[in-house]
Structures are given as structure tokens and as C-alpha cells.
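These are my notebook entries on one structure, written as I looked things up. I begin with a term that I shall need throughout.

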Amino acid sequence: MTTTHCPYCSLQCGMRLTGRGRARATPEVGEWAEFPVNRGALCRKGWSAAGLYAGRERLTTPLLRDRATGEFTPVSWDEALDTVATRLLALRAERGPDAVGVFGGGGLTNEKAYQLGKFARVALGTSQIDYNGRWCMSSAASAGLRAFGLDRGLPFPLADVEDADVVVLVGSNLAETMPPAARHLDALRERGGKVVVIDPRRTATADRADVFVQPVPGSDLALALGVLHLLVAGDLVDEDYIAARTTGWDDVRESVGAWWPERVERVTGVPAVEVRELAALLGGASKVMVLTARGAEQHSTGSDTVLAWINVALALGMCGTPGAGYGCLTGQGNGQGGREHGQKADQLPGYRMIDDPAARAHVAGVWGVEPDDLPGKGRSAYELLDSLGTETGPHALLVFGSNIVVSAPNATHVASRLESLDLLVVADIVLSETAAVADVVLPVTQWAEETGTMTNLEGRVILRQQAVSPPAGVRSDLDVLSGLAARLESPIPFSTDAEEVFAELGRASAGGKADYAGITYQRIRDEAGVFWPCPTPDHPGTPRMFLDSFAHADGRARFHAVEHRGPAEVPDADFPVHLTTGRVLAHYQSGAQTRRVRDLPDTGPFVELHPMLAGRIGAQDGAPVTVATRRGVMSAPARVVTSIRPDTIFVPFHWVGANRLTNDALDPASRMPEFKVCAAAVRPAVEQ
Ligand code: SF4
């Protein structure tokens, strides 16, 4: 019996697995009731996770694809790695190191994310690395850095939710995306606390809420401005806290002066009376916790939207108060750790900025290279993909832990950029839609076949322990990076030992914003996880942050005056409705894993629309409809539901299709694409 964690979302629920040492055997999932985050509870994805081992479509040998025929040929590891290295060296000689790009993932372990960033900058010498986490929580990360001087999704344990008086969920459907977390909301309500859900859809989470607010997609920022306007007007802000712990309040107070409730109603569609009731609820509570997720963040205004909600939490005096404050509910399994160890275009390990000379000197010292040899800042994830095959962009791309063909915005355009590459290499566990168009596919280990750390949404560093042997022919990503680095004549070797890599990661992070220096595998085992920052072996870790001071040099949080801007694309005569996207209970991210688990229903995509809209266009429940945007078209069965706004349609993104429609407009600060809203047309599909 091995204690470990779920292979999917950022909750990283604890579980017990049996089956150690049995190659290709399916382990059995059992409760780990003592793990504090989920206390034994799992969602259906977690309970069925062992199905990942059932063998359906698992890759067990490297593959080379013939572009003329599209056929794959199994080859040895030596042939695959030699082919990749030879072609990368030739490309680098011809076009320079930035001709090679690297695309990582928020599901990779901390050790893999760290080693991938080091591999890109030292073995390849390229600045062109970013990862799919840029599309997950980057707007909240950007806002947290600006407001608090530090980005940790939740700066408190998730269980603190139970101690709040009011929890406001802005764009989170956690009852479906991370169901065990909803238990904390239930405990809060049993105590008499209130849950507010803000979402264009009446989701399963909204069904459990005391207050449900249903704004037009892309208008959360205006709602926050209106709430703060009323808090100021009603003298409900905490002036003592503001004076003692923040800066920038005067500008923010002035900026919300014109956001009276009737104006908010015109922009958001939320009745003025509901805006007043929401402000009164928040202003009258002792402990308010505001939690944002992708619904608020995946917009071209995502960073400012999060800042607007942080302004509300700061004005109420909540940040740094136990049972209150602001937090982001990160999505991917290692959404938090994935952004801390150097696979982002602008960062080095320890959440250090790559253009900071002191940061470069520290990390270069740990790596044993010269600071001047490290490349500078690269392109953000979408901009990197958009540049592929162009005169200045990479002509080869290495992809680890990401299924870009399904998950990238404006996916048809991205697929054409991938086709323009000289070389596409994908390391994955199955022949995902992205692996299927690669020139070289490398089969790698997954989840319980290997040991490595993840950092969950609370900043708790946990250990996924190996419970079964990997299939013959499969190698770990660390082995792949080490083998390629040697063939690329890297100036330094790359360890294949995860615990050794973690110890080096700790040294690289020492003194940085995300300091892991005092964390070891043994401590994680003994303590059921350790919260960063944890700078020394005798440091207890930091479950709650900002209790006495924030991470800016003066110890104060920053208010930021932000303006409402609409989405990059709004409905018009040709594309008259809003399209929004999201997740369903049974699936995770691009579905590359969960669509292959037999116990999870693979329903395929669908289009949710309101009966009024369905009636207007003549759509029938269950019959196919076609959705078009300026970027693409897809067809799927209609689901006619009263839970969505009449001016909005919803498509889940776990299958090919939804992201052919989505907009690649980017947030200017975080470079987050606008996944959550664009203008669309919907009509009954023409039967062929
Ligand atoms: Fe827990 Fe998330 Fe796994 Fe479900 S998918 S069991 S909520 S970690």
C-alpha cells in the first residue's frame, strides 16, 4: 500500500494505491483519510484513476512518423534520441539556439518542470520556452504579484474556507472541477456562513450557493467595481486596515466613484438590486474570502479583473486575516509548482525573474554555468506557438506534458503553425492529438509509475510515490532530458534521479519568492506535505501568508485602480451570442487521459443553450447544432437548459472543437488568451 496523490487536478487529493512492483498491473485506489485536503474523499476521476493503466492506447515504444504517408514506425530509444539530437544540432547551427522551442505543462512534477527549464536554457541555449499553465492561472499570478508582491494560489490552507462568514466564488465551478473541495463549503454553510457564486451559468456549484449572480460573460470586472463603489458609499470599508497595511487606496476609491448600481446593471446584466444585496452581504460580514478561477481569469482583461476583486478584499481588510482574504483556485495538478521552477518564458527557479541580474547569478551558480550564458526572456505560450515556422520563430518544438492541438486557443491556426515546423517532438503517455502529428513521439512514464513532487493549490508540496512499475520500453521525462542533453553536448550533465533533482531545485529556489530549500522527500512523507516558503530544514513551512506583512519591500499590499474594458470580441449581427467554455465532472483538461479511462463516460462535446435561444433558432434538445466564430466551426448535439443565460452558449473543452472557436486575444500583463468569451453564431446543423 502506497500513499500518493491523484493524477489530475490542483487539489492533489491524497489516496492509497496497491500494486507496487507489478508492471502493467492496474493498481487499486483506496482512501487516505488522514490527508487533510480531501480527508479520504475523491471525485469520480480520482476513484477511476487506475483506469489509466488499463492499457488502452498506451505508448510503449518511440515512434518516427513519415510525413509523406503519415505512418508511424516503432524505433529504438537510441534511434529516436539520435534523430532528435542530430536534427536539433543542425537547426541550431543553421539558425541559432532560438530556432528550437520548448513547450511544457502544468501537470509535470516539480522536478520535471525544473529540469525542463534548465534543459532549454543550458542544453539548448534557447530563450523560447513557455508552458500551458500560461493558459490556466497566469492572470491571477500576475495580479497576485502586483498586489501582494508574491503569487501563491491560496495563501492559506483550503480548510480555512470553513472559517469564513462569506465565500465569494468568481468564475469557479468547483463542485464539478474539484468536488471534494465543495465539502469545505458545505461545512461553512452548516456553521451559518454564506456562499456566493458569480457565473454566467447556473452550475452545480451555483445550485449549492446562497446567492447566485449571473453576469454577462466578460463583465466580472465591472461587477467588482460596482461592489466596491457601494462599500465606499456605505462607509463599509476598513479604513484602519487600509491605512496600516496598504498603499494606493485614494486612486482606487476615486476610480469606483461612477460605478453606481444602475450602470453596473447596464454592463453586467445583473439587476441593481442584486448588486446592492451583494455589497451589503460583504460589507456586513466579519470574514470575507474571495476566490477566483478560470471564469474570471481567462480573459483579455483577466489580470485587471482579479485586481478588482483583490481591491474588494483589501478594502474590507480581509487579506492576511485567517479565514478570509483572496485566493486563486488553480486548475492543473501542478499549476502552482509548474509556475515556480523555470518553465515560464520570463522566470528562473524560485519564481525569480529572468531579467534580474542577481537571480541569474544565483541560478547560474547552482547550475555551474556563467550568468551571461543564460538566454533572456522568451515568448509567452500562445505567442511562441504563433511564431512557429516564421522567420524569427522556432522551427523545431519539443512538447512535454501538453496536448496543444486540443487545448490551444484558435486551435486551427495553431495546428497550421505546428505543420510548418521542421521538427515536432512530443513526449507523452498516449498518442494524443498532438503526438499524432509529431515527427518523433517519445513514450514516457506517468503518475504512479514514478516518484516526484507536486505543489497543490495551497502551496503545499506533496509527494507522488511510485506504486507500480512502468511498462517495458517507457522512460521517465528526466531520462529523456538527460539523454538528449548528452547528445547535444550540454556543458553540464542532467540527473535522472528525481530526489537528487529536487534537492538541486531547493538550492536553486533558496532565497527566492518560492523557497523550497528546507523541504525534503522525507519531510513531505512525515508531514503529509510542507508549505512553501520553507527556507531551512528546521523551518515549519508557511501554511498562512501575509499575517503580519505582504511581500513587497515595504510590507504593504498594493491597491491598483483598474478600468472596465469589454471582451476583445462582442456579439454583433453576424455572431450574435456569447460563447463560453469550461469543464465537466468526468473529464480533465484536454481529455488525453480521462477520455481513455473506461469508467468515465466519453460523451463527446455538446452545446449548451437556453430554451429561448433554442426556440429562436429552431434547435432541438439532442439534435446537432453548428457553432461558428471568426476562427472556426464545430458541430455537436444541443443541450437545451435553463441554467445558462439566453444570450450565451457553452461548449466543454475536453474534445477537439471548442478551441477551434476561442479567441487568441491576450491579456496585456499575463498574456492569457481570452478562452472564456467570444462572439459566436449557432444554428441547427444541416443534415447531410
Ligand atoms: Fe481530487 Fe481533483 Fe483528483 Fe478529483 S480530480 S480526486 S478533485 S485531485
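I call a residue buried if 20 or more other C-beta atoms lie within 10 Å of its own, exposed if 12 or fewer, and partly exposed in between, with C-beta atoms placed from the backbone.

Ground rules. I am reading a predicted model, in which local features need pLDDT of at least 70 and side-chain atom pairs count only at pLDDT 80 or more, while totals for chains, interfaces and linings use all residues. I number residues from 1 along each chain as its sequence is written.

Confidence. I noted a mean pLDDT of 95 for the protein chain, with 98% of its residues at 70 or more; pLDDT is the predictor's confidence in each residue, from 0 to 100. The model scores are ipTM 0.99 and pTM 0.95.

I looked up glutamine 589, which is not a glycine and yet has a positive phi of about 50°. Glutamine 589 counts as buried because it has 24 C-beta neighbours inside 10 Å, and I placed it in the loop between strand S23 (577-582) and strand S24 (607-609); helices (H or I, at least four residues) and strands (E, at least two) are DSSP runs, numbered from the N terminus. Phenylalanine 546, also not a glycine, has a positive phi of about 70° and is found in the loop between S21 and S22. With 22 C-beta neighbours inside 10 Å, phenylalanine 546 counts as buried. I then found a cis peptide bond between tryptophan 532 and proline 533, with omega about -5°, and proline 533 lies in the loop between strand S21 (530-531) and strand S22 (557-558). For comparison, most residues other than glycine have a negative phi, and most peptide bonds are trans.

Ligand shell. I found 14 residues around the ligand, of which Cys6, Cys9, Cys13, Cys43 and Gly46 come nearest; a residue is near a molecule if its C-beta atom, placed from the backbone, lies within 6 Å of it. Helix H1 (44-47) and helix H6 (179-190) each give at least two residues to this shell.

Helix H6. I checked the span of H6, whose twelve residues reach 17 Å from first C-alpha to last, close to the 16 Å expected at 1.5 Å a residue, where the expected span is 1.5 Å times one less than the number of residues. Its buried residues, among them His184, Leu185 and Leu188, pack against strand S8 (166-170), H5 and strand S9 (194-198). Glycine 192, with a positive phi near 100°, follows H6.

Lysine 118. I placed lysine 118 in helix H3 (residues 110-124), where it counts as buried because 29 C-beta neighbours lie inside 10 Å. Leaving out residues up to four places away in sequence, lysine 118 touches Gly342 and Trp367; contact requires C-beta atoms, placed from the backbone, within 7 Å.

Domains. I noted domain 1 (63-135 + 334-531), domain 2 (138-328) and domain 3 (577-684), with bounds from an automatic or database domain assignment. The C-alpha centres of domain 2 and domain 3 are 26 Å apart, and their contact takes 23 residues from each of the two domains. On the domain 2 side, the elements that give two or more residues are helix H4 (138-148), helix H5 (174-177), helix H13 (294-297) and helix H14 (302-315), and H4 has the largest share, four residues.
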